[in-house]
Amino acid sequence: MKITFTINRKPQTVNIEDENTPLLWVLRDILDLKATKFGCGKGACGACTVKVEDDAIRSCSYAVKFAKGKSITTLEGLGTAEKPHPVQQAWIEEIVPQCGYCQPGFMMATAVLLDKNTNPTDEDLDKNISNVCRCGTYYRMRKAIHRAAEIKRAETLNTEDNV
Amino acid sequence: MSKTKQGTSRRQFLVKSGLGTIGVLAVGTYLFRNPIRRTIAEKLDSGESFYMGDTSSPIIWFEITTNNNIILHSPKVEMGQGTFTGLAQLAADELEVSMEQMKVVHASSISGNMDSFATGGSTSISSLWIPLRELAATMREMILNEAALKMGFSTSDLHVKDGVVSVAGNKMTYAQAAENVTEWKIPDTPILKNVKDFRYIGKPVARVDLKDKVYGAPIFGMDAQLPNMAYGAVVRSSTIGSKYIDADISKAENMPGVIKIVKEHDFVGVVAKSLIEAENAKNAIQVQWSKERNWQTADIEEMIVVGKGEPFVIQKEGDAEDILEDEKDVIISQYKSPIGAHAQLEPNGALAFVETNNATIIMSTQVVKLSRDEIAKRLDLDEDKVNIVPTFLGGGFGRRLHTPNAIQAAVMSKAVGRPVKCFFTRKEEFQNDTFRPPTHHVLKAKLSEEGMIEALEHNVSSGDVAFGSPMVPSIAAPILGADLGAWRGGMIQYRGIPNYRTVSWRVTLPFATSWWRSLGLLANTFAIESFMDELAVRLKKNPVEFRLAHIQDDTKGFRLKEVIKAVVKKSGYKDEVNNGRAMGFAASTDANTPCAQVVEVSIEDKKIKVHKVTCAMDPGISVNPDQVRAQCEGAIIMGMSAAMFEKMEVENGALTPIIYGPYQMALMKNAPKEIEVVLLQNDDKPGAVGEPPLGPIGAAIANAVFRLTGQRLRNMPLQLNNHF
């Protein structure tokens, strides 16, 4: 069965036998996009978080058939070393990662949060960022999320100035 | 200098085989005498660490690339603790190259640069502090000698900066100097740099793996991939003690995508074209397991009781036993900690490719040598034919100090003649973990008329930590008696007390318990430091001053007092309730690194809320102060998570829960919004960092909660009584 969607701004068709295969494994094993991680397979830890349309979804528990026709962004599509996304820029400034395994999921969840809320409060973070980090990088992540929001707001202002 | 180096190496060798050597030397009438055990225990508690790999030649450590970068092949694995960055700093300073030129990769087991021990015990930086700098300095001299030959000057005429040699207006890069050199001459080890000349050591440089981790590079074991790779899945028992007997594979054999069902004497697994197909077929296999007792949490709790099992005195000063024998006027409190899971995010697994005469295993492991040796044995290959290629670890925490799962991947790869990648599911991870053992502590004290502690005793009952681990020779248990992991942090650090004693009670549980970051430190410190607080409260004394009054006047005591004073100053610690918030204090010494913490808590929605943690630690030289801070922050949150939320239960023979969420852990909403770290340096070398800051946090929270609520919480995870 063929399923077509947009991945990191490019159209993509995958040929898959079982349409209920979780999106996570399509990303990792078929499309070789390894930034999205397996943590639990039950949507409980958030390591597999990606952006589908405007929402953060946990791709280990999201059948690929639901992605049909939709736009998906993974960490690979968020930014590059040359042009980092504000979240990545902030993560670098605050030196957030330790082992790093859960970080892509956190960064994707943060990117989606900032799309919807340009100036989140600590309470917004507490409510919306529910991923698991075993190294305990939450303290730096909180600082990085506020910093990312700041970078993003500044970028938006600049863009508006240029218009 | 080379003499010094050899001296160091010789000493390393003797101590590296420490447990085994003791086994040989100590056999005799002295074997079971407690003073010897205590001496060994004190030695192990001293925090001295030794590197256990080959430091004879820089050639196996460094590679010079044509674009003049240096690749350090690290025998220590990077699991988040920042070791790659710290080691790069040590090397860059002596090599005279910039950090931008330093690249770090994992050394594979056939590279010759293998650590015979492990990455663990907070020893990576401290054990390589001298050897790696000596290797880097030697490498620098080797390059300079070659450059001198090529440039027609003597080595002493050369200047060097950022990997470029210059003399009389001519320049030559290290890469150019190294070009076409077929035989390197290893000179005497040069004199190492003075502290004041360090360019990178002691500076908060950014992690060398930062960009890979922020842009999602495929660096973890689970990201590994080889051409023609198949997926493996092994059926694992979900109940305690049950062993594989046989399996009915008739249904699974014909399922879609299945390449082969691999039946061995000790396990059955599937190899399939995709992971989903492998998992589906695995679930269709009917396994016959040996039946064990139907274990319940209550059974385990009944085993972990001070007074049951085997007692071993690991610390003794004065006559605490006699003084505390008559329980009149003796203060007694009991504390407990539950079974803890590692819950690292990347499950255990391996990608194995076994060919006729060799095997390649790409995997997250903390024990490259042990992983290699076990696979070689099972496949009947020479050890040098098995190449372990370590990857970045998606969390270690001690979970990867034994990797029997890699054997299964290798066996399945051999069976199908192609690469096989096989990982645990999350349920399997939770049920087959090597858990932090549950503990029970009895603390006893007698106070003098002057309001000082006359005698103090700590009895701890714990499941095994080190014993039973394949890293520890089986001879160690009868010699040492007390499990060296279980009592970590269990000794009394207030050596101004005239009479004190620590007794470790060993209990072997029916499921695997082993290394969990900081080992016994978290639970032992929780018990001892809660009790110290109880004594201070009883005497109406300031808990900080009460502790300071019981610390001895020696180097160790001085360093402990300094971190206590520093944390009090930074946090503005006060023994009072203010605006619905209270502070709690605790301190510990682990592997010779003292650490003191103050937490600030309130009660929100009838639950404990930690707002702020202040931490003062003295690890000696902080090679990278930013990453030492990161380790403190992470350890505080991990320790908080374990102290406040985490608990495994045993239900009808199975360990549960089997998923995040039900296995409650600290999340963003629980993490303190403020963490302040003060780093002291009252030692002239780097000491342990990754584990010591896990010590005080549990007791500090419990002590704060007592001030706020009057409730003395003596069991982890800390939960307020309902009627509050």
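Which residues of chain A does the domain assignment give to domain 1 and which to domain 2? Domain 1 takes 2-77 and domain 2 takes 79-162, with bounds from an automatic or database domain assignment. The views below show a predicted model, in which local features need pLDDT of at least 70, side-chain atom pairs count only at pLDDT 80 or more, and totals for chains, interfaces and linings use all residues. Residues are numbered from 1 along each chain as its sequence is written, while chains are lettered from A and ligands numbered from 1 in the order in which they are written.

**View 1. Contact between domain 1 and domain 2 of chain A.** The centres of the two domains, taken over C-alpha atoms, are 21 Å apart. Domain 1 contributes 15 residues to the contact and domain 2 contributes 13 (contact: C-beta atoms, placed from the backbone, within 7 Å).

**View 2. The side of domain 1 of chain A that touches domain 2 of chain A.** Strands β3 (49-52) and β4 (55-58) of chain A each supply at least two residues of this side (strands are DSSP runs of E, at least two residues, and helices runs of H or I, at least four, numbered from the N terminus). The largest share, three residues, comes from β3(A). By class, this side has seven nonpolar, four polar and four charged residues (nonpolar: Ala, Val, Leu, Ile, Met, Phe, Trp, Tyr, Cys and Pro; charged: Asp, Glu, Lys and Arg; polar: the others, Gly among them).

**View 3. Helix α13 (residues 404-416) of chain B.** Ten of the 13 residues of α13(B) are buried, so this helix is largely enclosed by the rest of the structure (buried: 20 or more other C-beta atoms, placed from the backbone, within 10 Å of the residue's own). Among them are B:Ile407, B:Val411 and B:Met412. B:Gly417, with a positive phi near 65 degrees, follows α13(B).

Terms used. Contact = placed C-beta atoms within 7 Å. Expected span 1.5 Å × (residues − 1). Buried ≥ 20, exposed ≤ 12 C-beta atoms within 10 Å, placed from the backbone.
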